[in-house]
Amino acid sequence: MSKSASRARLAEIIRKRSFGRGEITLASGRKSDFYFNLKPTMLDPEGATLLAELTYEALKDDNLDFVGGLEMGAVPLAGAIAQLSWIKGHPIAAFFVRKKPKEHGAKLAVEGLAKGEALQGKRIVIVEDVTTTGGSAMKAVEAVREAGGDVVLVFTMIDREEGATETFAQAGLPFRSLYRAGEFLKS
């Protein structure tokens, strides 16, 4: 399937499984009359495959070491991208950042790294399913920076176009998206 056909098919899946209208309160606290819940798309076999393929294609030339982000939205994405990157012969390891470090065991904020493995000095992309203001992704950015990682990009599946571009610009971070909310609001 061509990239444009894959993108169109994924948009259909998102529209069917993950997009809705109706009043909702977003993670940012804002009210909205539309929403995206990407988990049904991220956990659908075809949806997961297309998200991974399109995201991998968008990131493959960025010379990345790791892909990850804040739980829960980034977990299925990072795992699918890591798996596909291995199949494509260009491995990008995955991790995720806990919203709150565990209070037992190793008490880690960043999960998925093997013993002796670190983000220190590594090129990292923060991924997110849906981005509104950028606040959630910035929590992941901060945790990665505290661990010594070099965040080179924030990449979201859907930019709600409600302030994230400005948030990341102020933080000096490049920001890209697979889709913009406006693409779904037209129909």
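**Strand pairing at β8**

In which sense, parallel or antiparallel, do strand β7 and β8 pair, and over how many bridges? In this predicted model, strand β7, which spans residues 150-159, pairs with β8 in the parallel sense, and the pairing runs over 5 bridges. Within this part of the structure, V154 stands opposite F175, a residue of β8.

**The sheet as a whole**

The two strands belong to an open sheet of 6 strands, in which the order is β5-β4-β3-β6-β7-β8 and the pairing is mixed. The edges are taken by β5 (110-111) and β8 (175-180), each of which has a single partner strand, so one side of each is left without a neighbour in the sheet.

**Packing of helices α1 and α3**

Two packed helices are described by the angle between their axes and by the distance between those axes. For helix α1 (residues 3-17) and helix α3 (residues 45-59), the axes come within 10 Å and cross at roughly 135°; α1 and α3 are therefore oblique to each other. The crossing in which α1 passes α3 is left-handed.

On the α1 side the contact involves K3, S6, R7, R9, L10 and I13, which meet E46, G47, L50, L51 and L54 of α3. Sorted by class, this contact between α1 and α3 has 5 nonpolar, 2 polar and 4 charged residues.

Conventions. Residues are numbered from 1 along each chain as its sequence is written. This is a predicted model: local features need pLDDT of at least 70, side-chain atom pairs count only at pLDDT 80 or more; totals for chains, interfaces and linings use all residues. Side-chain values use heavy atoms; hydrogens and water are left out. Axes are lines fitted to C-alpha atoms, for helices over the stretch in contact, and angles run from 0 to 180 degrees between N-to-C directions. Helices (H or I, at least four residues) and strands (E, at least two) are DSSP runs, numbered from the N terminus. Angles under 35 degrees count as roughly parallel, over 145 as roughly antiparallel, 65 to 115 as roughly perpendicular and the rest as oblique. A crossing is left-handed if the near helix is turned anticlockwise from the far one by less than a right angle, and right-handed if clockwise. Contact means heavy atoms within 4.5 Å. Ala, Val, Leu, Ile, Met, Phe, Trp, Tyr, Cys and Pro count as nonpolar, Asp, Glu, Lys and Arg as charged, and the others, Gly among them, as polar. Two strands pair if DSSP finds at least two bridges between them.
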